[in-house]
Amino acid sequence: MNAEESREEILDYFKKHGNCELPYCIEIAADKAGEHVVIVGGTHGNEPAGVNAMVGFHRRLKDGKIKLNSGKVSLLLGNPQAYRNDQRYLDGDLNRSFSDPDGATLEGRRAGEIIAYLGRNNEIAALLDLHSVSIGDFKICVYEKDNAQSLNLALSISDIPLHFAYHPDHMPGTLIEAAGTHQICSLIVECGNHLSESATNMALDLIHAILVHKKLTDALLWPEKKIPGTITQYESIQPIKPGANFRFIIEPLETGTKLESGQQFAIDDNRIHIAPEDCHAVVPSMTVKPTDVDAGFLGKKNLIEIKKRK
């Protein structure tokens, strides 16, 4: 994406190059058979980094700067209407709408369309859902707890040393949960700040890395990344559910902040939020909006030693 391009122009780009039954989805297929990888950006409409990276990647393919040697890549703009309005969502969080799509809401209908697409394409091997954050430059890999395939995918394509393994009950209705029901290995990555060029570049690097990992393209244009020796993984023990006028009462509270059993860490009109056991906060932002389904999570800390990239 060029800096001067508007969101309408980006939407028009997806319309112009869209070539499948799913609106705002661009498929690129090589002449040689191979695995099918789906890249998603804009699951939340105010998160442009993944969308910008998909457009930049597609332009490099068209210009011949990157070659797809085998297989197929799908570039999917998750929530085009919310993206147009620069809003996280319009009727409801798309990334909580996939377990039971509501045809009466915009996001419910979009979730239904995407689920149908995943179901029709039973050869999809992997899905990468690219996100970004509004405050700071937070980066983290996110996947379901005890999902060895997704952990391996994260270690194979990313050098981010911070991971979050969530219990499915704590984040119901995610896109990667829907992908998992179709045996698609999937991963969420928070790439950094919405407006940061480095977040777009990280998203672009991840797109290339997953295609190299799946042997769809070669690694000649991208430098080898340094693999961290240890991954810090936070495993969710419960979501932080905000009530009206929710606010954190610990300053600063950020991912990794240690909480002791019984410690008060937040308050809203309904209750004081108390840590049920010794744990750590997993909090992408101190700012919690009234429409947010959760304000973050409480988790236990695990250290994963990395010997080599698999």
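**View 1. The loop that holds Pro252, between strand 9 and strand 10.**
In this predicted model, Pro252 sits in the loop that runs from strand 9 (247-248) to strand 10 (258-259). Take a look at the peptide bond that joins Glu251 to Pro252: it is cis, with omega at about -10°. For context, most peptide bonds are trans.

Although Gln183 is a residue other than glycine, its phi is positive, near 60°. Most residues other than glycine have a negative phi. Is Gln183 buried or exposed? Its relative accessible area is 64%, and exposed means over 50%, so Gln183 counts as exposed.

Asn245 belongs to the loop between strand 8 (230-239) and strand 9. Phi of Asn245, which is not a glycine, is positive at about 60°. The relative accessibility of Asn245 is 60%, so this residue is exposed.

**View 2. The largest pocket and the residues that line it.**
The volume of the largest pocket is about 720 Å³. Its lining is made up of 34 residues, and those closest to the pocket centre are Glu47, Arg88, Glu190, Pro284 and Asp294. Which strand gives the most? That is strand 4, with three residues in the lining. By residue type, the lining of the largest pocket has 15 nonpolar, eleven polar and eight charged residues.

Stepping back, you will find seven helices and 14 strands in the protein. With a radius of gyration of 19 Å, close to the 19 Å that the globule rule gives for 310 residues, the protein is as compact as a globular protein of that length. Along the principal axes, its C-alpha atoms fill a box of roughly 60 × 50 × 35 Å. Of the 310 residues, 54% count as buried. Among contacts between residues at least 6 apart in sequence, 73% join residues at least 24 apart. The accessible surface of the protein is about 14,000 Å², and carbon and sulfur atoms account for 48% of that surface.

Technical notes. Residues are numbered from 1 along each chain as its sequence is written. This is a predicted model: local features need pLDDT of at least 70, side-chain atom pairs count only at pLDDT 80 or more; totals for chains, interfaces and linings use all residues. Side-chain values use heavy atoms; hydrogens and water are left out. On a 1 Å grid over the protein atoms alone, a cavity is a set of points where a 1.4 Å probe fits but cannot get out, and a pocket is an open set with protein on both sides within 12 Å along at least five of seven lines; lining residues have an atom within 4 Å of a point. Grid points are joined across faces, edges and corners, and a volume is the space filled by probe spheres set on the points. Helices (H or I, at least four residues) and strands (E, at least two) are DSSP runs, numbered from the N terminus. Ala, Val, Leu, Ile, Met, Phe, Trp, Tyr, Cys and Pro count as nonpolar, Asp, Glu, Lys and Arg as charged, and the others, Gly among them, as polar. The radius of gyration is taken over C-alpha atoms; the globule rule is 2.2 Å times the number of residues to the power 0.38. Buried means under 20% relative accessible area, exposed over 50%, partly exposed in between (1.4 Å probe, protein chains only). Contact means heavy atoms within 4.5 Å. Accessible areas come from the Shrake-Rupley method with a 1.4 Å probe; for residues, only the protein chains shown count as cover.
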